[in-house]
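Dear colleague,

Here is the structure that I promised to pass on to you. Please open it beside this message, and then read my notes below with the chains in view.

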Amino acid sequence: MILQPAVLTLLLISALGVAVLLAAAPFALQVIRRWDLASGSELQLRLERRTYLFSTLVAFVMALQLAGILLFVLNADRMAVQFPGAMCAVGTLNAGRFGFGALLGQVALFFLAGMWLTLNHADSLGRDYPLVRIKYALMVGLLLPAAAAVLALQWTYFSGLRAQTLTSCCGSLFAEGAGGLPGDLAALPPGPVRAAFFGCLALAVAAAWFLRRRGGYLTGLASAAAFAATLAGITSFLSLYVYEHPHHHCPFCMLKAEFHHVGYALYVPLFLATAAGLGTAALQPFRRVPTLSAFVPALSVRLSRVAAAGFLLVLLVALGILWRSHLILS
Amino acid sequence: MRAGIERQLALLDFTVASLARRKARNLGLLAVFALLVFLLASVTLFTRALRQEAAAVLAGTPEVILQRMVAGRHELVPPGYRERLGRIRGVQKVEGRLWGYYFDPVIRANYTFMVTDPAPRDGTIAIGPALARLRGLAEGGTLAFRSYAGELRAFRVAAVLPQPTELASADLVLVSEKDFRAFFAYPEGCFTDLAFSVANPQEARTVAAKLVRDLPDARAILREDSLRAYASLFDWREGLVLAMLAGALLAFGILAWDKASGLSAEERREIGILKAIGWETGDILRMKAWEGVLLCLTAFLLGYVAAYAHVFHGGAGLLEPVLKGWAVLYPRFALTPVLDGLDLLTLLLLTCVPYTAAVLVPTWRAATTDPDSVMRS
Amino acid sequence: MIALSGLRKAFNPGRPNEFWALDGIDLVIEAGKITAFRGPSGSGKTTLLTLVGCLARPTAGRVTFKGEVVSSLPERFLTDLRRRSFGFVFQQFHLVRGLSALQNVMLPAAPTGRPRREVRDRAVGLLEQLRMGARREERVEFLSAGEQQRVAIARALVNDPEVLIADEPTANLDSVLSRQFVGLLEELNAGGRTVIFSSHDPLVVESGAVHRVVGLRDGRLEP
């Protein structure tokens, strides 16, 4: 265990998220069992009041996750100095068993919370709160376990970390032929990956824009694909252009000042766009609910616009990197 | 969109007016909050600066240092060793170093005697700023030491070392090689240790490993390792202090909870009025969120600026003993100011998240006051 | 405009101190008229006003507003409806202390998202109309009872509601001010607003301005 402020903070905020959801769980179950909007009974009024609390809590947890992801990566980068062989965040994440697992878990939780909040917003537009049971079932059944899993992963990872652990960093981890997912990503042939990267992003922009009225599932699918393709593309070839180095395949180093924080210009719109794209998909099953049918299309359009704009921005930033780079790959 | 922004602005207007109306109450919480930020920020700013300082010092040290060991203890490097080292591939700029400790009974402190290149002229020394302060010396003064042969030797102080790297130079005494050997009766041709650099810095570890194989009685110390040792030392101390401050954090959370749940009758009445005239639970929550944001940011700014002043202009008087001190010769720091994104984010989360978590439920409870409560009272 | 059927409202239901404030009310309130609820204290006037004005939900029964059932709307929508359609003047005025008259009048518009400049102009206009223009920057706790009431009325009107609801509006006023208030109600009513108020002050209830008086006793309508 490495006792360090950033680590303590990360564990603290994850634990808080779990505690908050756990404390809300019994009340959420009560909502599922006893909700009856037609009634003016005390219990019903109490339950309605609680819905405000839960929305606020989940929004809080989502905000925490977002800050947590950033903190996690920044901190990993900073801790690299303690592990021989580590030069940036990758080395640190690789120094424990669940480093990458914890990061992926946080990202997943962020998107889940985003989808939940989209549903929550839609629900609050319908005069009879049509999604209330589904919403709380998802909160207890999905968000809570996910948050707990993230906490467990973080805890295992951090408690297993020992300074002086020999680790391998982006240079070797993302090297062609290193094996494992990161190695495979780096070893992917640049041609097809480049095609997939631009193809998926363009497809996501197109899906989000042209299908904004009725193509929620497709937009969601395209968003998820674009998210994966962008991460793969960054690792496989875009990073090389950022660092202007033919073998430096690291998705994290570009967040540093040496590279003008260009990573943020890629990741921030990517995360927002993906969250929005997944949100439209989350809305789809409920577009025919009578009291929602008037609102879902407008909401979908709004989210689709955000997704389209976000993916377009990622595309433009990527093109800008390629254009400005001095690297020439044969 | 437009309406949404207008609504937020209107709520913000009201929030600012309300905060101003309840100055006394809010000032108390603000003061405690700012104090907490001040403490935590002092610790992080101070350790960050120390770390920076250590890194700056180490940046000037040789890449690899080779020591000879006898029965597990550091021994003198005999003549001839240096030449053997020079033949190993990749080793560059081998340099024999001379240094040692001297205990001064006058102020009960250890000095580090060292021969540097360029060295002071024979008979003169250059001394660290802390030493100069403690012995009341300036350039041109005279300092006498009892040599290992037993006789008293006087040196003229040719220079007092400059401040910037005080962490390392505080207790230094720089002498010429001839004086060093004479004073300590150091055998001719022997060195304290050997320093060298490696052609390709990435290969340092490999070269060091090879060296230890060829010279089994030697130990190699890499700069990278020292850097790491320093980093974990500071991290560990910082973590320890912060863990102690966790109690303060908890107390603050409880205070915030108490303040938020113990709303005054006046405030309850006000929320009731707002709800009756058309504010919704969500609006009250948004208003309270603005209140929290304003409070957090103000407290954070105040605390952080105060901590900055404390650490970089006030010499971190409150923390020095815990985080730095180990010797009589206190380096008096003029730390180089460092602001660090990660530290800022950590601190912001560490203070604002517990606050938010503590006030969430009480705030919601107040916000769900029944709209008809004002008519029933 | 507003129809109540089988309306019942209980406080602390299921507990030893259970109390039925309203026990079966059927009533239709017409648009564009002045309606007064009359009855001794504890007869349920105020509770009835809270249900008519969408401040609370009935324990049983139905409230319809312009043909829409509103008694089972969740708070979010009920509030939205309330702030668009109803303005309230309370017995104790319930102004927010420490704020100026103008700030108080602007409060109900804050959550609507209307541009603040527009709201301010409207609030200033209303205060001037109620002869409070000169004192609009005064903090409300320094105003007299009559002035406070006019601020409260301006506040009730800032969102331009169709219905004005007043609870015992003259309980804190002397007879001169009470008469002035009745005059004001007539003015507002002449402008097309529906006015509903509760009072046990004969001076107000029996004045010629009121179109309909509804008597209440022990939570039921007087025949």
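Between chain B and chain A about 2700 Å² is buried, and carbon and sulfur atoms give 74% of that area; buried area here is the accessible area (1.4 Å probe) that two parts lose on being put together, summed over both. Before you go further, please keep in mind that this is a predicted model, in which local features need pLDDT of at least 70 and side-chain atom pairs count only at pLDDT 80 or more, while totals for chains, interfaces and linings use all residues. Residues are numbered from 1 along each chain as its sequence is written, chains are lettered from A and ligands numbered from 1 in the order in which they are written, and side-chain values use heavy atoms, with hydrogens and water left out.

On the chain B side, Arg228(B), Leu342(B) and Trp364(B) lose the most area to chain A, and together they account for 23% of what that side buries. In terms of contact (heavy atoms within 4.5 Å), 32 residues of chain B meet 29 residues of chain A. The rule for a salt bridge (a side-chain nitrogen of Lys or Arg within 4 Å of a carboxyl oxygen of Asp or Glu) finds one across this interface. Asp370(B) forms a salt bridge with Arg49(A), where the closest N and O atoms are 3.2 Å apart. Helix 8 (223–261), helix 10 (281–312) and helix 12 (341–367) of chain B each supply at least two residues of the side that touches chain A, and the largest share, 12 residues, comes from helix 12 of chain B. Helices (H or I, at least four residues) and strands (E, at least two) are DSSP runs, numbered from the N terminus.

Turning to chain A, its domain assignment gives domain 1 (1–165) and domain 2 (169–330), with bounds that come from an automatic or database domain assignment. The centres of these two domains of chain A, taken over C-alpha atoms, are separated by 23 Å, and 31 residues of domain 1 are in contact with 27 residues of domain 2. The two domains of chain A bury about 2300 Å² between them, with 86% of it on carbon and sulfur atoms. One salt bridge is found across this domain interface, and Asp77(A) forms a salt bridge with Lys256(A), the closest N and O atoms being 3.4 Å apart.

In chain B, helix 6 (residues 177–184) has as its buried residues Asp179(B), Phe180(B), Arg181(B), Phe183(B) and Phe184(B), where buried means under 20% relative accessible area, exposed over 50% and partly exposed in between (1.4 Å probe, protein chains only). These buried residues of helix 6 pack against several strands of chain B, among them strand 4 (99–104) and strand 5 (109–115). Ala185(B), which follows helix 6 of chain B, has a positive phi, near 55 degrees.

With best wishes
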